[in-house]
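This report describes the fold of a single protein chain and the packing of its secondary-structure elements. Please inspect the sequence and the structure before reading on.

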Amino acid sequence: MPKLGMEPIRKAALVKATITEIGRAGSLDVTVSQIAKRAGVSSALAHHYFGSKEQIFLAAMRHILTLYGAEVRGALAAADGPHGRLKAVVRASFAASSFRREVIGAWLNFYVLSQTQAEAKRLLSIYQARLQSNLVHDLRPLVGARAADVARGVGAMIDGVYIREALKRGAPDGTAAADLVLGYLERELEGRE
């Protein structure tokens, strides 16, 4: 009989191992056996908890999205005014918890999986809608009717920086990434081309 309380611990270990293995491989071309081995559990137990590799990966993305959401909420709580809140959202997008090599790899594969898997597409749509909503809310007092367009541009910049980061060598630099997006945002706020 399993010990009470072990399931959440093992599931968390499998989620962490999934993120690590996908980051290592740079693709979803990892096996449940590899994930389970890294987590220190059997592949049968991984299947028991999640059902399939796709479900383990979706659980990992939910975890990443939960951490990202907490990062954004914390940054917004400490921000002052619409301009400060916009900067906070951008900086939170590249915080250390979200901008590690293995998390970047998971995001890139999440985009790919969302093209063919309905639940991944739903999760990606929720993330994009929340990002758009946060940005539009604080852009509206600064740029008026252009808020939705500017928000789409900032969102595209964030996603684009993640894709470029996944393709480059070396350690991710969240500060430089955030500064790149913030430069775009400042130009948009000034109304420059």
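## Basis and overall architecture

The model is predicted, so local features require pLDDT of at least 70 and side-chain atom pairs count only at pLDDT 80 or more, while totals for chains, interfaces and linings use all residues. Residues are numbered from 1 along each chain as its sequence is written, and side-chain values use heavy atoms, with hydrogens and water left out.

The protein chain has nine helices and zero strands; helices (H or I, at least four residues) and strands (E, at least two) are DSSP runs, numbered from the N terminus. From the N terminus on, the order of elements is α-α-α-α-α-α-α-α-α. Along the principal axes, the C-alpha atoms fill a box of roughly 60 × 35 × 30 Å.

Of the 193 residues, 41% count as buried. Here buried means under 20% relative accessible area, exposed means over 50%, and partly exposed lies in between, with a 1.4 Å probe and protein chains only. Contact means heavy atoms within 4.5 Å. Among contacts between residues at least 6 apart in sequence, 67% join residues at least 24 apart.

T18 is located in helix α1. With a relative accessibility of 1%, T18 counts as buried. Leaving out residues up to four places away in sequence, T18 touches I35, I56, F57 and A60.

I35 also belongs to the buried set of α2, which consists of V32, I35, A36 and A39. These residues cover an arc of only 95 degrees around the axis, which puts them on the same side of α2. The arc is that of the directions from the helix axis to the C-beta atoms. The cover over the buried residues of α2 includes α1, α3 and α4. Just after α2, G40 adopts a positive phi of about 80 degrees.

S42 occupies the loop between α2 and α3. Its relative accessibility of 39% is the reason why S42 counts as partly exposed. S42 and V32 are separated by 10 residues in sequence and by 9.2 Å in space, C-alpha to C-alpha.

Which residues of α3 (residues 43-50) are buried? They are A46, Y49 and F50. Seen down the axis of α3, the buried residues fall within an arc of 80 degrees, so they line one face of the helix. On the other side of α3, A44 and H48 are exposed. The buried residues of α3 are covered by elements that include α1 (6-25), α2 (32-39) and α4 (53-78).

Two packed helices are described by the angle between their axes and the distance between the axes. Axes are lines fitted to C-alpha atoms, for helices over the stretch in contact, and angles run from 0 to 180 degrees between N-to-C directions. A crossing is left-handed if the near helix is turned anticlockwise from the far one by less than a right angle, and right-handed if clockwise.

| Pair | Angle between axes | Axis distance |
|---|---|---|
| α6 (residues 101-113) and α7 | roughly 115 degrees | within 8 Å |
| α7 (residues 118-143) and α8 (residues 147-167) | about 130 degrees | 8 Å |

α6 passes α7 in a left-handed crossing. On the α6 side W107, F110, Y111 and L113 take part, and they meet A120, L123, L124 and Y127 in α7. The residues of this contact divide into eight nonpolar, no polar and no charged. Ala, Val, Leu, Ile, Met, Phe, Trp, Tyr, Cys and Pro count as nonpolar, Asp, Glu, Lys and Arg as charged, and the others, Gly among them, as polar.

α7 and α8 are oblique to each other; angles under 35 degrees count as roughly parallel, over 145 as roughly antiparallel, 65 to 115 as roughly perpendicular and the rest as oblique. The crossing of α7 and α8 is right-handed. Their contact involves Y127, Q128, L131, Q132, L135, V136, L139, R140 and V143 of α7, together with A147, A148, V150, A151, R152, V154, G155, I158 and D159 of α8. The residues of the contact comprise 12 nonpolar, three polar and three charged.

## Y184 in α9

Y184 is placed in helix α9 (residues 174-190). Apart from its neighbours within four places in sequence, Y184 is in contact with G153, V154 and M157. The C-alpha atoms of Y184 and P172, 12 residues apart along the chain, are separated by 19 Å.
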